[in-house]
Amino acid sequence: MALSDPVKQKIVLQRALNKLVCRKCGAINPPGAEKCRRCKSRNLRPKKAELKGKRA
Ligand SMILES: [Zn+2]
């Protein structure tokens, strides 16, 4: 699925950035979460904005 619309692409990117990934179980948590919703770990990291391969 290619996102041809640059506006949509931006939104998708921002949403990806706003997520927190649990270092313990890898679950995606909502922005602002203090604990993992799956394993309750506080070991969360922000999802990185790395664009592998594709460049806007
Ligand atoms: Zn977790």
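What percentage of the 56 residues in the chain do buried residues make up? After that, please take me through the loop between strand 2 and strand 3.

Reply: Happy to. Buried residues make up 5% of the chain's 56 residues. A residue is called buried if 20 or more other C-beta atoms lie within 10 Å of its own, exposed if 12 or fewer do, and partly exposed in between, with C-beta atoms placed from the backbone. Please keep in mind that this is a predicted model, in which local features need pLDDT of at least 70 and side-chain atom pairs count only at pLDDT 80 or more, while totals for chains, interfaces and linings use all residues. Residues are numbered from 1 along each chain as its sequence is written.

The chain has 1 helix and 3 strands, and along the sequence they follow the pattern α-β-β-β. Helices (H or I, at least four residues) and strands (E, at least two) are DSSP runs, numbered from the N terminus. The 3 strands form an open, antiparallel sheet in the order 2-1-3. Strands 2 and 3 stand at its edges with a single partner strand each, so one side of each has no neighbour in the sheet. Two strands pair if DSSP finds at least two bridges between them; strand 1 (residues 20-22) and strand 2 are joined in the antiparallel sense over 2 bridges. Within this pairing, Leu 20 stands opposite Asn 29 in strand 2.

Now to the loop itself, which runs between strand 2 (28-29) and strand 3 (44-46) and holds Lys 40. The phi of Lys 40 is near 65 degrees, a positive value in a residue other than glycine. Lys 40 is exposed because it has 11 other C-beta atoms within 10 Å.

Ser 41 is found in this loop too, but it counts as partly exposed because 14 other C-beta atoms lie within 10 Å. Leaving aside neighbours within four places in sequence, Ser 41 is in contact with Cys 22, Lys 24, Lys 35 and Cys 36; contact here means that the C-beta atoms, placed from the backbone, lie within 7 Å. Ser 41 and Cys 25 are 16 residues apart in sequence, and their C-alpha atoms are 8.6 Å apart in space.

Lys 48 is exposed because it has 9 C-beta neighbours inside 10 Å. From Lys 48 to Val 21 the separation is 27 residues in sequence and 9.4 Å in space, C-alpha to C-alpha. For the chain overall, 24% of the contacts between residues at least 6 apart in sequence join residues at least 24 apart.

Key:
Contact = placed C-beta atoms within 7 Å.
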